[in-house]
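Good morning. Please have the sequence and the model open, and I will go through a few parts in turn.

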Amino acid sequence: MQKRLAFLVAAVSASFIGHAQANELTGTLKKIKDSGSITVGHRESSIPFSYLDDAQKPIGYAMDLCWKVVDAVKKELKLPNLAVKLNPVTSQTRIPLITNGTVDIECGSTTNSKERQKQVAFGVSTYVTSVRMLTKADSGVKTLDDLNGKAVVTTTGTTSDRYIKQNEKGHNIDVKNVYGKDHAESFLMVESGRAVAFVMDDVLLAGLIANSKSPKDFMIAGPALSVEPYGIMIRKDDPQFKKLVDDTLIGLMKSGEVEKIYNKWFTQPIPPKNINLNLPMSPQLKEAIKNPNDNGV
Amino acid sequence: MSIIRFVNVNKWFKQLHVLKNVSLEIAQGEVVVVCGPSGSGKSTLIRTVNQLEPISDGEIWVIDQNVADHRTDINALRADVGFVFQHFNLYPHLSVLDNITLAPIKVRKQSREAAEQKAVQLLERVGLAHKKDAFPSQLSGGQQQRVAIARGLAMEPKIMLFDEPTSALDPEMIGEVLQVMKDLALSGITMMVVTHEMGFAREVAHRVVFLDHGEVLEQATPAEFFSAPKTDRAKQFLKQILSPMH
Amino acid sequence: MSQYQWDWLVIFENVTDTDEFYYQWLISGLGWTLLIALSAWVIALILGTIIGTARTLPNKFVAGIATAYVELFRNIPLIVQLFMWFFVLPEMVPTNIGNWMKQDMPHPGIITSIIGLGLFTAARVAEQIRTGILALPRGQKNAGLALGLTLAQTYRHVLLPMAFRVVIPPLTSEFMSIFKNSAVAYSITATELFFQMKQITGDYKPANQIEVVTIVGLIYILVAFSANRIMTFIERRVQVPGYISGGK
Ligand SMILES: Nc1ncnc2c1ncn2[C@@H]1O[C@H](COP(=O)(O)OP(=O)(O)O)[C@@H](O)[C@H]1O
Ligand SMILES: [Mg+2]
């Protein structure tokens with residue numbers, strides 16, 4: 001009697017699970033299918049990854065990649081007319097908005113870190129940034145040791161200050177850490193002479209220089225203080241959606257399409273002001289495209 | 001020898017001519033009652049004596065100084081002229097004792113001990129020694145006005161001015177204030193009193209001044225004024241004041 | 001959707017790659033917040049009293065300047081004012097002074113915040129003080145002057161002591177606001193509590209952000225509540241026996 005009941009339960013549940021694996025949608029794809037819409041999280045001024053153009057439409061390297069993912073979702077769900085909602089996010093809101101379900105996919109410039117992987121998941125890395133110093137062209141700053149006794153600015157809410165702190169201990173020098181409320185203000189601190197260097201991801205620094213009144217007055221100096229992969233952020237524990245995102249991105253990498261998209265945003269003039277970041281692919285990024293992975297730092 | 005002398009004083013509030021060519025002399029030691037209908041300019045007149053109200057035209061000599069002259073040290077002059085207001089205007093945050101000693105300490109530079117000793121004497125004189133630590137809001141109107149009189153006397157003024165000191169009081173409290181004022185009048189100090197208390201005027205005033213529409217219409221001894229007012233307006237006024245309805 | 005995993009102990013975690021802890025950052029931030037707000041409050045009270053008083057003076061010129069001050073400082077957003085003190089002023093003074101402000105002045109963000117927040121709040125305190133003075137019975141001023149007190153003595157001993165008592169309730173809300181407003185100091189590099197919140201909830205770690213924000217919010221509430229209690233205590237201490245405020 002008991003054996004038969006156990007068998008029955010096992011059989012029923014087995015058939016249920018089998019069914020689910022074969023046809024049932026789960027996680028984000030199910031949510032998209034049920035709601036008939038996908039919500040794309042974008043930044044407003046993360047040039048050239050994800051930012052608003054003159055028409056207040058999000059554009060950029062990460063956005064182009066995301067549109068490919070959205071196309072793949074439409075195909076997978078056979079919903080050619082899937083509604084795409086756009087939701088702006090900031091570096092403070094992007095994780096909560098992903099975890100609470102407001103945003104399904106975040107297309108910006110978010111570092112794939114092991115810490116973050118406790119709460120969210122990332123597609124295979126699509127960019128690799130290195131942390132370096134922006135300084136005035138005539139400042140004479142070449143290494144971290146040149147910062148002794150000077151003020152160095154980082155932007156509130158970023159982690160770059162820790163490289164300065166670590167280096168301070170190792171080299172027995174004294175640096176004043178100051179914090180700009182956003183990148184523009186951090187740049188202003190260097191421009192106005194309140195700080196001698198601004199430590200941040202090279203791509204952001206390149207953007208600030210390209211946008212400044214006089215780009216030739218500034219340079220990116222010093223060694224790579226750290227190297228971080230950026231990835232498209234999605235919800236954790238969602239294997240179906242994760243696979244779709246990764247398959248799409250790896251396809252683009254293998255076909256060479258990624259390189260074309262990269263050059264469009266990093267080595268050519270881009271809207272809104274037709275500036276050119278002049279930032280060719282780094283060796284680290286080439287490596288990440290050759291061997292796609294979602295390893296965090 | 002007059003201690004207060006108005007010479008052709010005029011006062012306008014914008015277009016409103018409130019005091020019209022007022023000339024008036026008050027002798028040292030004299031007690032003068034000023035009366036007249038409401039709005040006739042009594043308050044304005046008495047406030048010009050110590051420049052709480054500046055005048056537009058004319059001269060006012062008080063203790064041999066022209067108060068309208070900007071070179072006159074008006075603070076020093078005011079210290080010598082006590083003023084009792086219709087609404088008492090005690091300082092609500094200070095105890096009765098501190099109300100009385102503030103000016104002697106700050107203006108006369110008296111020591112606190114001396115000022116307090118004097119204050120207690122004055123409170124005894126107005127019958128309120130037991131209230132020296134009370135606050136104004138804990139006193140009745142009559143008590144507050146008696147403290148206000150003591151506050152004025154603490155500066156040992158040569159002149160005391162009163163602007164309707166009893167008209168904000170409940171009837172049963174008027175007597176106690178008038179009694180203090182009568183005692184004061186008999187002490188020989190110069191007093192100018194705006195009041196409608198005709199009993200007070202009869203008893204202690206040397207002269208009654210009748211003001212109407214900013215003009216001094218009559219000046220007479222109380223006996224003359226009450227028994228034989230010369231102008232119709234004064235007659236009219238007295239009829240109203242002395243009618244039982246009032 | 002997966003439920004949010006609450007983790008209130010997140011602030012006791014070690015900051016990655018350092019020997020610091022997040023709660024230490026919060027405590028340090030709170031310290032600066034209190035320093036900025038309390039110092040600015042001292043400036044605001046002193047200057048606000050002077051300016052509020054000046055607006056009630058018979059001298060039209062002095063009153064006009066005081067009015068201009070209030071309108072100027074009350075109507076420009078605080079964050080703009082701080083930005084101007086921090087970034088614009090050093091470019092407008094002689095170069096050597098500007099360079100000193102930028103490079104050698106100790107804690108430039110903190111000091112500029114204290115002054116900027118103090119000047120801003122002074123305009124608001126001035127309005128309360130002015131209202132308080134005007135709310136007093138007209139006779140009060142005359143009662144001081146009539147006894148020979150100078151105008152200054154009349155203000156010092158007669159008008160202001162009562163005006164302060166009258167305006168304690170609105171001043172209480174200004175005092176509570178100054179802690180909240182001090183958060184704007186983060187915009188000019190002051191590493192106060194709001195800055196630390198932004199720092200922790202930024203890239204540092206996903207660290208459970210909602211908890212950190214909630215905890216910081218609770219700290220602000222606690223600080224404002226304490227400020228309220230302090231003012232209530234003062235209000236009781238200086239209460240005039242038997243006086244009903246606003247009366248007569
Ligand atoms: N500060 C002022 N501004 C304008 N008009 C005033 C002012 N004070 C008094 N007045 C006017 O002056 C006239 C005389 O007032 P007042 O001296 O108070 O009269 P009284 O004390 O005899 O009732 C009244 O018409 C009054 O309205
Ligand atoms: Mg009157």
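Two strands count as paired if DSSP finds at least two bridges between them. Keep that in mind for the sheet I start with. One caution before that: what you see is a predicted model.

In chain B, look at strand β6 and strand β7, which covers residues 159-163. They run parallel and are joined by four bridges. As an example of a bridge, B:G82 has B:M160 in β7(B) as its partner.

Six strands of chain B make up an open sheet, and its order is β6-β7-β8-β3-β9-β10. The pairing in this sheet is mixed. Which strands are at the edges? They are β6, residues 81-84, and β10, residues 215-220, of chain B, and each of them pairs on one side only. From one strand to the next, the twist averages 15°.

Now the helices on this sheet. Helix α5 of chain B, residues 141-153, packs on the sheet and touches β6 and β7 of chain B. The angle between the direction of α5 and that of β7(B) is about 150°. Helix α9 of chain B, residues 232-242, lies across β3, β9 and β10 of chain B. Helix α9 runs at about 105° to β9(B).

Chain B has other paired strands to show. Strand β1, residues 2-13, and strand β4, residues 57-62, of chain B pair in the antiparallel sense over five bridges. Here B:F6 stands opposite B:I60 in β4(B). β4(B) also pairs with strand β5 of chain B, residues 65-66, again in the antiparallel sense, over two bridges. One bridge partner here is B:Q65 in β5(B), which goes with B:V62. How many residues lie between β4(B) and β5(B) in their hairpin? There are two residues between them, and B:I63 in the turn has a positive phi of about 45°.

Next, aromatic rings. A search of the whole structure finds 27 aromatic pairs over all chains. Take A:F49 and A:Y127: why is this pair called edge-to-face? The ring centres are 4.9 Å apart and the planes are at 80°, so the pair falls in that class; the cut-off for edge-to-face is over 60 degrees between planes. A:F49 is in the loop between β2 and β3 of chain A, while A:Y127 is in strand β8 of chain A, so the pair ties together parts 78 residues apart in sequence. Buried or exposed, what is A:F49? A:F49 has 2% relative accessibility and counts as buried. A:Y127 is buried too, with a relative accessible area of 3%. Both rings are part of a cluster linked by ring pairs, made of A:F49, A:Y61, A:Y127, A:Y230, A:Y262 and A:F266.

A pair in chain C is C:Y22 with C:W25. This pair is edge-to-face, with 5.5 Å from centre to centre and 85° between the planes. Both residues are in helix α1 of chain C, residues 22-55; being three residues apart there, they are separated by about one helical turn. C:Y22 counts as buried at 1% relative accessibility, and C:W25 counts as buried at 7%.

The charged end of A:R194 sits over the ring of C:F86, 3.5 Å from the ring centre. Within chain B, B:R151 lies over the face of B:Y91, at 4.5 Å from the ring centre.

Now, how do the chains meet? Two pairs of chains touch, and the most contacts are between chains A and C. Chain A and chain B have no contact, and their closest C-alpha atoms lie 48 Å apart. Between chain C and chain B, 22 residues of chain C are in contact with 26 residues of chain B. The size of an interface is often given as the accessible area lost when the parts come together. Chain C and chain B bury about 2000 Å² between them, and 63% of that is on carbon and sulfur atoms. In chain C, the residues that lose the most area to chain B are C:A146, C:L147 and C:H157, together 28% of what that side buries.

C:M197 lies in helix α8, residues 193-204, and counts as buried at 12% relative accessibility. Leaving out residues up to four places away in sequence, C:M197 touches C:V212, C:V213 and C:V216. C:M197 and C:V212 are 15 residues apart in sequence, and their C-alpha atoms are 6.8 Å apart in space.

How values were computed:
Residues are numbered from 1 along each chain as its sequence is written. Chains are lettered from A and ligands numbered from 1 in the order in which they are written. This is a predicted model: local features need pLDDT of at least 70, side-chain atom pairs count only at pLDDT 80 or more; totals for chains, interfaces and linings use all residues. Side-chain values use heavy atoms; hydrogens and water are left out. Axes are lines fitted to C-alpha atoms, for helices over the stretch in contact, and angles run from 0 to 180 degrees between N-to-C directions. Contact means heavy atoms within 4.5 Å. Rings of Phe, Tyr and Trp (its six-membered ring) pair if their centres lie within 6.5 Å; planes under 30 degrees apart count as stacked, over 60 as edge-to-face and the rest as tilted. Buried means under 20% relative accessible area, exposed over 50%, partly exposed in between (1.4 Å probe, protein chains only). A charge sits over a ring if NZ of Lys or CZ of Arg is within 6 Å of the ring centre and within 35 degrees of the ring normal. Buried area is the accessible area (1.4 Å probe) that two parts lose on being put together, summed over both.
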